[in-house]
Amino acid sequence: MPVNKSQPVSLAHQGNEGDRTLPQAAFSPLAGLRTIQLGNGLKVFFQVDSRHPLVSVQAWVRVGSVDESNADAGLSHVLEHMVFKGTAHHQAADISRWVESLGGSLNAETSREYTHYYIDVPREGAHQAVKLMSELLYRAALRPEEWQRECLVILEEIKRRNDDPEAVLWDLLNQALFKEIVLQRPVIGFPRTVRNVTRERLHRFYKDHYTAGQTVLVITGDVDERRLETWVRGAFDKMPAGKRERARTPGTTPPAVRHRLMHQAVQQSYVAIGFRTPPGIDPDHEALDVLAAVLGEGRGSRLVHTLRESKKLVWSISAANLTHEGPGVFGIFADCEAARRVEVTRAIRTLLRNLKVSPATPAEILRAKKLLETSWFQGFETIHGRAGLIGSFALENHLERLEAYLPRLLSVTSRQLQEVANRYLGERSWSSAVIEAA
Amino acid sequence: MHRWKLPNGLVVLYAQEPGVPLAAATLLVKTGTIHETPVEAGLASFTADMLLAGTRRRSARQIGATIESVGARLGIQCAEDYSDTGFITPIEELPRGMEVLADILLDPIFPDAEIRKARAHILASLRSREDSIFAIAHDRWAGEAYGEHPYGRPVDGLAKTVGAFTRDHLRAWHRGQWRASQAILSINASLPPATIQAIVADRFGPWKSATAPAREPPKSPTPWTGDRRRELSSRFEQAYVMTGFLAPAVGQPNCLELNILNTVLGGGMSSRLFVQLREELGLAYEVSSFFPTRRQTSEWVIYLGLSPQKRQIATERLERMLEAVQRQGVTAKEVQQAKHMMKGSFLMERQTRRRRAWYAAWWEFLGLRTDYEHTYAKRIDSITREAVNAVAKKMLAQPRLTVDVVPKH
């Protein structure tokens, strides 16, 4: 584990409340990280950690809904489902049962810009997990009869998602924020586009996108590096090469409609306020993360304190800085009684405007940083979390940013917060979405 | 693992482990629902909630603000046998985190306005049990199986008892039960033990030990004779079948065997009941079972969520399957697979400092040795298929209680 042993500390200053802290310990997310690249272009990252006899095998494929045409909306997600429905060597049910019978877990997620697979198992299963991952990535059977069955499952998933106000609210917010259809669409697609998926289309998409040059493999845990390398080469050497350039979507703000309202059979109102932010690589994001925590994380945050605890206007409220390879979203999300909705929006507007006259205090900034620091380290506590963080940064070729994240975050100043607030959260950039009862 | 005791009786466990620069603490108090008399139903949980509602030095809001300022969050849970609280924080903030933890444990003041808020919250949560078909079924099952025994009531209590608690009740419960001599403090960090010892002595030294002897839990419930079946109607469109037995308490013989049997039958997607009833026959959409670790007589319960039309046939199938298990037992392969699964999940579960601190406290509470972690796999492996089947035979021969939840119309 990449941690410096902590220094012995003295508690000499016990009497003074302000001094009652211990020295900070150093930590490097990349310590012991080894990279190899196979002949076909596959990038592989290993990080050995022998504290627990477990391994996490994760693959990040650079394909998501931004890579789909409008007619194909949802195809990446369909593919993610179908990959688990059997490979050249395994039946669908065997795959999940094998992992479960080891006490492990496997799953996947599809987003705008990537599809992420993971298999977490005790170390005895490491070799098998590597082989299984390779089969998922380039030997999925994609059988037509399985697609017939799975299509219904996905249509059901879309239906269920449409019943979830928070998911629909997110779609609405993206419609209010962006002009490009590709950024407005839900990752899961639409019933008509999902129904139109053919086996041929699916196969083509798999061949085009699931290539070695488009994929990052990360393995963390208790495993011998030399053997691991042999296993990885054995399993992935034959993965087809290939790399695609992704069309850039700038994320233009729509000229006119910046507010979306939808009526649904809901008991309370759901409100989202959003602002467009630059791509994830932009150096402003650490400050935006701190700003999101100052505004909307925990009871001590401005939004929670003012709108929920003091004015009792909302049931819940939060803020988040959501980054992507392309344009990101700074969002504020609340739910409240229907009658309070207008007042809630007004209160949020006032609160953001007030940032100018009463910038975040040192105590507010410190609170935000400490909360973010805890969650950041918690992300590295499990082999699963670590492989996930390494993979998501490696996929975009920004591993150095992973190393720099915490020091940059901790050095954010009040002035920087002020600057990013002015730059991104201005009145003119405001977009919003609301779901409420008709 | 370092273990020591303060003069006030507090047991402290410290695991000095490398890893991310965070420190986690769990405080477990040996008090829960099990120590309540019937009129006190819900008092343990109510009191636990109120510890965050204000101390002599801090209002509820200030408690929240201080704990967040060290990058932590603090929650308190009450369970049947114990209550626990804890936090995780960047390592340099451990002393301040411990100061807040000690403050809420030693000095709560139970402000009336906060009592009213908490009561409304608890009553709402009791009402919301009606929104969960599982809760409806299990509340009835446990009520029938345990009778007056506290395991027969929800941890949150009952509307009529919760409505009657005053500040005096809460204070008395805190004074009698939340005592150093009743508590275990478990810490996981990378600091030298001496540092931890100093922080703990400083913060928890002043905690008072109990003046009265600890309350004895009530007598174990008496098993019923003959199979029982109860039907109740609900507003849900689905049906639910919950069936089970009283089962051994922790430390009694047969616990591990029953854990394995429970995993073979109802543990996950590869379990026998799930595969047959759901995957092969499509009779139920939810199939599972549980056997919680309890200080007193536990329960072993199997449940199915299904459409009302399939209830009859699913029930018949389930009966046949349980008979088959009683007669022929489970296979060597099933036992092997269950063992793998249990050992694997045991490892997966215990990677974070927060979970590791919690488990250390939990094992101490259960009276298990501090090397339990390292002997777990060996213990599991030492159980033979024959032993599992002997327990299956014995358990399944006991009288069973079944609750059917069916739609109103």
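**Entry 1: helix 2 of chain A**

I began with the packing of helix 2 of chain A, whose buried residues lie against strand 4, strand 5 and helix 3 of chain A, together with helix 12 of chain B. The model I am reading is a predicted one. I then listed the buried residues of this helix, which spans residues 92-101, and found Ile95(A), Val99(A), Glu100(A) and Ser101(A). I also looked at what follows helix 2 of chain A, and noted Gly103(A) with a positive phi, near 80°.

**Entry 2: confidence**

I checked the scores before going further. The model has an ipTM of 0.91 and a pTM of 0.92. For chain B I recorded a mean pLDDT of 95, with 100% of its residues at 70 or more.

**Entry 3: the sheet of chain A**

I traced the strand order in chain A as 1-2-6-3-5-4, in an open sheet of 6 strands with mixed pairing. The edges are strand 1 (33-37) and strand 4 (105-110) of chain A, each of which pairs on one side only. From one strand to the next I noted an average twist of 15°.

I next examined one pair within the sheet. Strand 3 (residues 54-61) and strand 6 (residues 215-221) of chain A run antiparallel to each other and are joined over 7 bridges.

Helix 3 (residues 126-138) of chain A lies across strand 3, strand 5 (115-122) and strand 6 of chain A, and runs at about 15° to strand 3.

**Entry 4: the side of chain B that touches chain A**

I turned to the contact between the chains, where 43 residues of chain B meet 45 residues of chain A. Elements of chain B that each supply at least two residues to its side include helix 2 (60-69), strand 5 (83-90), helix 3 (94-106) and helix 8 (193-204). Helix 12 of chain B gives the most, with 9 residues. By class, I recorded 20 nonpolar, 15 polar and 8 charged residues on the side of chain B that touches chain A.

**Entry 5: Ala159(B)**

Is Ala159(B) buried or partly exposed? I classed Ala159(B) as partly exposed because 14 other C-beta atoms lie within 10 Å, whereas a buried residue needs 20 or more. Leaving aside residues up to four places away in sequence, Ala159(B) touches Leu123(B) and Leu126(B). The C-alpha atoms of Ala159(B) and Leu126(B) are separated by 7.2 Å, although these residues stand 33 residues apart along the chain.

Definitions and conventions. Residues are numbered from 1 along each chain as its sequence is written. Chains are lettered from A and ligands numbered from 1 in the order in which they are written. This is a predicted model: local features need pLDDT of at least 70, side-chain atom pairs count only at pLDDT 80 or more; totals for chains, interfaces and linings use all residues. Two strands pair if DSSP finds at least two bridges between them. Helices (H or I, at least four residues) and strands (E, at least two) are DSSP runs, numbered from the N terminus. Axes are lines fitted to C-alpha atoms, for helices over the stretch in contact, and angles run from 0 to 180 degrees between N-to-C directions. Two residues are in contact if their C-beta atoms, placed from the backbone, lie within 7 Å. Ala, Val, Leu, Ile, Met, Phe, Trp, Tyr, Cys and Pro count as nonpolar, Asp, Glu, Lys and Arg as charged, and the others, Gly among them, as polar. pLDDT is the predictor's confidence in each residue, from 0 to 100. A residue is buried if 20 or more other C-beta atoms lie within 10 Å of its own, exposed if 12 or fewer, and partly exposed in between; C-beta atoms are placed from the backbone.
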